[in-house]
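Have a go at each one before you look at the solution.

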Amino acid sequence: MYATLTLPAGQDFEAPRRSPTVRVRSADELRNALRQARGQALTLDASGLDRVLHADAARGLLEVQAATSWSELAGYLSGRGIVLDSFTGLSRLPATIGEAVSQAGAGPDGLPVSAHVVAATLVTHDGELRRADRHGNPQLLELALGGQGVVGVLYSLTLSIESLQRSAAQCAAAVELCMPEAGLAGAAACAIECLLPPEELDGFLNDVRSLVDERRLALLGISVRRTLPERSCHLNWATREWAGVEIRFGTKTTLGASVVAAEVRRALLAAALARGGSFPVADMRDATREQLETCYPMLKGFLAEKRRADPAERLQNAWYRQVSAKLRAESCEVRWSRS
C-alpha cells in the first residue's frame, strides 16, 4: 500500500519515484510521517500495517489494520471456527483488505467488499487521525469506501464477521468460457475487464469473437462472473447487477504490439459501452474522458470533495494522477479536408 505526498502547491514538484520512502507500522508513525511531510515530497509505504487489532465477539466485529491480507484474516478466523477461504486467491480482488476496500472490489459472491465495512479509521493528508462509521461521519466513510485511496490513508477497518461469512457461503466462481489454444498458455497476456448488463452478455461475446477474428488475436481466455449492486460508496461502480467479463489475449512485448493491444482494449470497451455496459473505475486507462464522465457522473463531485479537504492535492497516487490528467484533457474534433 503506497501513497505519494507531493509538495504543497507553489513549490517545485519532485517525481514520486525520486522522493524518499517512509515505512510505517503504527497509527502514530503514520500520523507523524504525514505531519512531517508538510514541507517535502515523500512516498509512504504502509505495508507494515498488517495486524489484527481487536475482536468484539459480542457484536461480531473485527478490526484489522489496512494492509492485512485476506489470507491472514482467513487464517485468524479459522482458529475460531469461521471459514473465509473463498476470499483468498480471487484473481480480481486485491490481496490486502485496505486495497480491496479502497477499490470496492467484488468478493466471492460478487458483492463489493465495502459492504462488510462497519467503520474505517484513516489519516488525512495533514496527519489527522479520523474515524468514520455508518452513523458517525458517514459522508467520510462513503468517500473512503471505493475512494481509490485518495481521501486519506487507511489505517484500520472494522468488519462485520456475519456479513463476511454470508458472502463466503454464497461464493460463486467465475465461469471460464474460453481456454487458451495449445501453445498459447505461456504467451504474454493483456487483459481488460468490462461490465455488461446480464441481458447483453451474449451479444457482447459475439462482438468479442468478431474482434478476435478481425484482429487475428491469440485469445487466452474469457471469464465471466456475476457482480452485485452495493450503495455505500460515493464513487460507485456497482450501481446494478453486472456480468463482469475479463478478456485475456496474447501480445508481444514490442512497442508496436503494445500500441495494438491498447487499440484492442479500447475497441472492447467501446463495444461494452455500446451495449449499456461500463468498466471498473479502478482501471480506466483505456477510457476516454467522455466515457469516464458518462459511466461515472459522480466523479467530478467526488474529486471536488477530495480537493476541498486537500486543496493542495498533497495526497496522490497513480490512479489520482491518471484521472486528473484525463479530466484536464480537452475534447478535440479532428477535421479532414481534401487537398
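**Exercise 1.** Which residues of helix 10 (residues 318–328) are buried?

*Solution.* Some ground rules: this is a predicted model, where local features need pLDDT of at least 70, side-chain atom pairs count only at pLDDT 80 or more, and totals for chains, interfaces and linings use all residues. Residues are numbered from 1 along each chain as its sequence is written, and side-chain values use heavy atoms, with hydrogens and water left out.

Step 1: In helix 10 they're Trp319, Tyr320, Val323, Ser324, Lys326 and Leu327.

Step 2: look down the axis of helix 10. Its buried residues fall within an arc of 160°, so they line one face of the helix. The arc is that of the directions from the helix axis to the C-beta atoms.

Step 3: check the other side of helix 10, where Ala318 and Arg328 are exposed.

Step 4: find the cover. It includes helix 8 (289–295), helix 9 (299–309) and strand 13 (315–316). Helices (H or I, at least four residues) and strands (E, at least two) are DSSP runs, numbered from the N terminus.

**Exercise 2.** Work out how helix 9 and helix 10 cross.

*Solution.* Step 1: take the axes, which are lines fitted to C-alpha atoms, for helices over the stretch in contact, with angles running from 0 to 180 degrees between N-to-C directions. Those of helix 9 and helix 10 come within 12 Å and cross at roughly 120°. That makes helix 9 oblique to helix 10; under 35 degrees counts as roughly parallel, over 145 as roughly antiparallel, 65 to 115 as roughly perpendicular and the rest as oblique.

Step 1: list the contacts (heavy atoms within 4.5 Å). Leu299, Phe302, Leu303, Lys306 and Arg307 of helix 9 meet Trp319, Tyr320, Val323, Ser324 and Leu327 of helix 10.

Step 2: sort them by class, with Ala, Val, Leu, Ile, Met, Phe, Trp, Tyr, Cys and Pro as nonpolar, Asp, Glu, Lys and Arg as charged, and the others, Gly among them, as polar. This contact of helix 9 with helix 10 has 7 nonpolar, 1 polar and 2 charged residues.

**Exercise 3.** Find the buried face of helix 2 (residues 70–78).

*Solution.* Step 1: Trp70, Leu73, Ala74 and Leu77 are the buried residues of helix 2.

Step 1: down the axis of helix 2, its buried residues fall within an arc of 100°, so they line one face of the helix.

Step 2: recall the geometry. An α-helix has 3.6 residues a turn, so residues three or four places apart point the same way.

Step 3: the cover over helix 2's buried residues includes strand 5 (61–65), helix 3 (97–103), strand 8 (153–160) and helix 5 (161–169).

Definitions and conventions:
Buried < 20%, exposed > 50% of the residue type's maximum accessible area, 1.4 Å probe, protein only.
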